[in-house]
Amino acid sequence: MPWRDLFRGSRGQLTAGILLVEFLVAVEALVVVAIMPAARHELGGLQYYGLVFTGFSLAALVASPLGGRAADRRGAAGPFLGFMVVFAAGTLLCGLAPSIEALVLARILQGLGAGGAYTAALAAVTRTYPDSARARMLALLAGAWIVPGLLGPSYGALLASSVGWRWAFFSIIPLIVVALALAFPRLRTLPRSPTTDTLALRWPLQLAMGLAAVVTGASWPSLLSGPLILIGGALAITSLLAILPAGSLRAKRGMPAAIVMTAILVLAFISTEYFIPLILTTVRGRSLTEAGIVVTIGTVSWSLGNWWQARVVDRLSTVTLVRAGALILTISIAGIMLMLANAPLLISYLAWLLAGVGMGIAYPSAYLVIMRDAPAGGEGAAISSQQVAERLALAVGGGLGGGCIALALTLHAPLRAGLAGALGLAFVASLAALAIARRVTLPLAAESDAP
């Protein structure tokens with residue numbers, strides 16, 4: 001399908017609406033980081049600072065499987081509308097928050113809306129877009145992060161220093177309305193599926209609780225850390241068995257392996273990116289601006305790698321693309337690790353440039369396997385499973401990496417030792433991605449039935 005056909009007619013409206021939702025998610029992820037120091041200065045409550053981000057992520061984790069399965073049972077339009085209204089309400093309340101506690105609660109509401117609406121929208125892409133359009137749609141979604149990645153932090157800082165940090169929330173409400181107006185009419189025309197698959201609210205809530213316990217235990221070493229991690233891990237694993245497709249935890253060939261692959265790739269990438277600014281500013285004595293440039297390079301090169309992948313995905317096998325991307329990412333993480341050994345700063349720029357390219361090749365290739373292997377009528381469940389696994393990786397990456405640093409500080413070890421542990425976990429994750437790459441392809445039966 002030519003690129004221009006993605007923007008024609010009613011499909012064009014849906015494409016534009018979904019891209020705008022992706023853009024809004026990117027803006028909230030990047031702008032809020034920039035405005036939070038100003039919000040904390042006005043509202044106080046430094047002890048709740050991290051919950052502003054964690055609350056959003058855990059709420060989105062809960063909403064993703066609910067939104068995906070609701071889209072399967074009722075059609076995507078109703079769940080998309082409901083969750084977008086929740087997202088808009090949460091965004092408005094964030095801007096009106098009179099205290100840091102209120103801001104945390106509003107961010108939880110915002111995360112519920114964002115997670116559910118985004119999953120319902122992606123389920124619609126999986127169900128209605130032909131295979132030839134999906135790779136290009138994923139490239140467009142990756143491209144939606146370029147502008148927020150380049151300008152988002154500066155935009156947030158400008159608002160915080162001029163009209164006030166609250167306008168970082170108020171200013172996106174009109175865009176939420178536009179996204180809803182573009183996507184909803186097309187979503188209403190999509191047929192419902194006959195599925196009766198349901199998911200008890202218990203499982204996503206239990207997963208969020210288990211994940212919170214693991215991250216808490218890893219971040220604050222104490223006598224309670226071991227029990228918290230064990231109990232949280234048990235809660236998380238039993239929840240994942242109920243939420244994810246059968247065979248996911250053992251990377252069964254096809255969709256289960258592809259879901260695990262996207263999570264491992266994100267875990268490796270994010271577990272490194274989270275700590276690049278700390279390495280460059282604290283260990284290497286460079287400016288925050290220089291560290292920000294390195295992170296931005298990774299965001300842009302991810303989009304470039306994705307665009308290239310969309311051009312060659314019909315000529316190269318999924319296994320080849322995933323393996324190549326994972327190998328590039330592994331080499332890139334090793335390059336960032338060299339920063340702890342006083343390697344030239346140029347290596348960090350080149351390494352993270354390549355890391356983004358590797359992710360842009362491997363991640364959408366695995367995502368396509370999920371879309372292709374999703375059963376008819378179960379597209380929402382498949383996409384929501386991927387979203388759960390990815391959000392789990394985001395939280396675990398930051399939590400375990402932060403736990404390595406916290407442990408080093410507790411033992412009075414150098415900061416370099418803690419950072420080496422965090423990057424070591426990311427490196428092991430990238431090696432795991434290489435190991436299971438051969439399973440990220442359609443099952444043999446599905447391949448024989450493919451046209």
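The legends below describe close-up views of a predicted model of one protein chain.

Figure 1. The chain has 18 helices and zero strands. Its radius of gyration is 21 Å, close to the 22 Å that the globule rule gives for 451 residues, so the chain is as compact as a globular protein of that length. Along the principal axes, the C-alpha trace spans about 60 × 50 × 45 Å. Of the 451 residues, 52% count as buried. Among contacts between residues at least 6 apart in sequence, 83% join residues that are at least 24 apart.

**Figure 2. Helix 3 packed against helix 4.** Two packed helices are described by the angle between their axes and the distance between the axes. For helix 3 (residues 77-96) and helix 4, the angle is about 155 degrees and the axes are 7 Å apart. Angles over 145 degrees count as roughly antiparallel, and helix 3 and helix 4 are therefore roughly antiparallel to each other. Their crossing is left-handed. On the side of helix 3, the contact is made by Pro-79, Phe-80, Phe-83, Met-84, Val-86, Phe-87, Ala-89, Gly-90, Thr-91, Leu-93 and Cys-94. The residues that helix 4 brings to this contact include Leu-103, Arg-107, Gln-110, Gly-113, Gly-116, Ala-117 and Ala-121. By class, the residues of the contact of helix 3 with helix 4 divide into 17 nonpolar, five polar and one charged.

Figure 3. Ala-117 is found in helix 4 (residues 100-128). Is this residue, Ala-117, buried or exposed? At 1% relative accessibility, Ala-117 counts as buried, because the cut-off for buried is under 20%. Not counting residues up to four places away in sequence, Ala-117 touches Phe-80, Phe-83 and Met-84. Ala-117 and Leu-81 are 36 residues apart along the chain, and their C-alpha atoms are separated by 7.5 Å.

**Figure 4. Helix 14 packed against helix 17.** Helix 14 (residues 318-337) and helix 17 (residues 415-436) pack at an angle of about 165 degrees, and their axes are 9 Å apart. That angle makes helix 14 roughly antiparallel to helix 17. The crossing of the two helices is left-handed. Helix 14 makes the contact through Arg-323, Ala-326, Leu-327, Thr-330, Ile-333, Ala-334, Ile-336 and Met-337. Helix 17 makes it through Leu-423, Gly-424, Ala-426, Phe-427, Ser-430, Leu-431, Ala-433 and Leu-434. The residues of this contact divide into 12 nonpolar, three polar and one charged.

**Figure 5. Helix 5 packed against helix 15.** The angle between helix 5 (residues 131-143) and helix 15 is about 140 degrees, and their axes are 10 Å apart. Helix 5 and helix 15 are therefore oblique to each other. Their crossing is right-handed. From helix 5, Asp-131, Arg-134, Ala-135 and Leu-138 take part in the contact. From helix 15, Pro-364, Tyr-367, Leu-368, Met-371 and Arg-372 take part. By class, the contact of helix 5 with helix 15 has six nonpolar, no polar and three charged residues.

**Figure 6. Ile-370, a buried residue of helix 15.** Ile-370 lies in helix 15, and counts as buried at 0% relative accessibility. Which residues is Ile-370 in contact with, leaving aside its neighbours within four places in sequence? They are Met-255, Ala-258, Ile-259, Thr-262, Ala-382, Ile-383 and Gln-386.

**Figure 7. Two loop residues with a positive phi.** Most residues other than glycine have a negative phi. Ala-251 has a positive phi of about 55 degrees although it is not a glycine. Its place is in the loop between helix 10 (225-243) and helix 11 (255-273). Ala-251 is buried, with a relative accessible area of 7%. Asn-342, which is not a glycine either, has a positive phi of about 65 degrees. Asn-342 sits in the loop between helix 14 and helix 15 (345-373). With a relative accessible area of 49%, Asn-342 is partly exposed.

How values were computed. Residues numbered from 1 in each chain as written. Predicted model: local features only at pLDDT ≥ 70, side-chain atom pairs only at ≥ 80, totals over all residues. Heavy atoms only, no water. Axes fitted to C-alpha atoms, helices over the stretch in contact; angles between N-to-C directions. Helix = DSSP H or I, 4+ residues; strand = E, 2+ residues; numbered from the N terminus. Parallel < 35°, antiparallel > 145°, perpendicular 65-115°, else oblique. Left-handed = near helix turned anticlockwise from the far one by under 90°. Contact = heavy atoms within 4.5 Å. Nonpolar A, V, L, I, M, F, W, Y, C, P; charged D, E, K, R; others polar. Rg over C-alpha atoms; globule rule 2.2 N^0.38 Å. Buried < 20%, exposed > 50% of the residue type's maximum accessible area, 1.4 Å probe, protein only.
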